[in-house]
Amino acid sequence: PKTDIVFLKVHKSASSTVMNILFRFGETHNLTFAFPQGGGFQLYYPRHFLARFVQGFSPLRPRRFNILCHHMRFLQPEVQKVVPSTAVYFSILRNPVQLMESSFVYYKGASAFSRVRSLEEFLRQPYRYYNPASGDRHYARNLITFDFGFNPDGDVSPGRVQLMLRAIEASFDFLLISEYFDESMVLLKEMLCWDLDSVVSFPLNSRDSSTKSTLSDSAVEKLKAWNRLDWEIYTHFNRTFWERIERDIGRERLRREVRALRQRRAELARTCLQGTGSVAPKDIKDSSLRPLQHGGARILGYNLKQGLGRELERTCRRLVTPELQYSSLLYKKQFPPPPP
């Protein structure tokens, strides 16, 4: 199994669920994580990543970490200073239409969104609300492009787009697609030589459907044009994703593996969870399992069954521990506080 990994955690793209998979694998195999300085949750995002943002990194005695997976704005020469040269690089993409609808609700406080009632209103006259000079502009335009390290207000000419796509292909071994999450997990398992239980998961950081809205066809077209760079990245890597599946796995085996993954998830849900699945934040009984609530979104969580055996309780708890709590737990394990 591959143990040196760089995961570019693109915002609002099922990336918290992937991060939970990496946290569990890293903890089980006693791997080291490249944590933000002081145990924060982002690597000084939205600045471009620098090696010195990582706790325990020193240019004099460069230390290599196994897994880099916290939010960052990608800059490969700096990333290479903190991970082994053999590291596997991957990320996950989401359709920019759904991504921006999610971003609008989640980052409602961002300067571009704070003065509009709806995403449709924003898209009618985006430049009335959007300021390319504001420090949080990336939440409102080409968020994928920004997270990959490029300019969200950049040139959309075919030549420039091709350069950007080639640069991403040169840096990343593969990109997953969140709309095909289970298929993506099968590919991840294949690329990292992991077993099924390492990639099984419950959805984390997902929204209550009452805060989701459907956009009109004209708004969707405006959104694609406004996020043209993201749309180019997504459509290109959605195509190469399926080419990779055909080449490395084949449709028949993919179907079998997806079925096995879903059966295992259902089995774990029956074993671990009260009820059938996720619940509203107010209904989460254990406050340590309550995810951070942000913007206008209502982020769902889980209740564990009572009376689970110790080992099983630990396995189940890890599957449903929200990202911030899990990150803090692993940070304290890797950098134990000095005894009083």
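A disulfide is a pair of cysteine sulfur atoms within 2.5 Å, and with that cut-off in hand the cysteines of this predicted model can be taken in turn. The sulfur of Cys-193 lies 19 Å from the closest cysteine sulfur, which belongs to Cys-69, and this is too far for a bond. Cys-69 is likewise in no disulfide, its nearest cysteine sulfur being that of Cys-193.

Cys-272 lies in helix H12, which covers residues 251-272, and Cys-316 lies in helix H13, which covers residues 310-320, so the pair ties together parts that are 44 residues apart in sequence. The link of Cys-272 and Cys-316 is left-handed, with -70° about the S-S bond. Cys-272 counts as buried, because its relative accessibility is 0%, and Cys-316 is buried with a relative accessible area of 0%.

From the cysteines the reader may turn to a pair of helices. Two packed helices are described by the angle between their axes and the distance between the axes. Helix H8, made of residues 181-192, packs against helix H11, made of residues 228-248, at an angle of about 55°, and their axes are 11 Å apart. That angle makes H8 oblique to H11, and the crossing in which H8 passes H11 is left-handed. On the side of H8 the contact is made by Glu-183, Ser-184, Leu-187, Glu-190 and Met-191, while H11 brings Phe-241, Trp-242, Arg-244, Ile-245 and Asp-248. Sorted by class, the contact of H8 with H11 has five nonpolar, one polar and four charged residues.

A last stop is Glu-121, which lies in helix H4, a helix of residues 119-124. Glu-121 has a relative accessible area of 15% and is therefore buried, since buried means under 20% relative accessible area. When residues up to four places away in sequence are not counted, Glu-121 touches Arg-115, Val-116 and Tyr-129. Glu-121 and Ser-15, for their part, are 106 residues apart in sequence, and the distance between them in space, C-alpha to C-alpha, is 28 Å.

Definitions and conventions. Residues are numbered from 1 along each chain as its sequence is written. This is a predicted model: local features need pLDDT of at least 70, side-chain atom pairs count only at pLDDT 80 or more; totals for chains, interfaces and linings use all residues. Side-chain values use heavy atoms; hydrogens and water are left out. Helices (H or I, at least four residues) and strands (E, at least two) are DSSP runs, numbered from the N terminus. Buried means under 20% relative accessible area, exposed over 50%, partly exposed in between (1.4 Å probe, protein chains only). Axes are lines fitted to C-alpha atoms, for helices over the stretch in contact, and angles run from 0 to 180 degrees between N-to-C directions. Angles under 35 degrees count as roughly parallel, over 145 as roughly antiparallel, 65 to 115 as roughly perpendicular and the rest as oblique. A crossing is left-handed if the near helix is turned anticlockwise from the far one by less than a right angle, and right-handed if clockwise. Contact means heavy atoms within 4.5 Å. Ala, Val, Leu, Ile, Met, Phe, Trp, Tyr, Cys and Pro count as nonpolar, Asp, Glu, Lys and Arg as charged, and the others, Gly among them, as polar.
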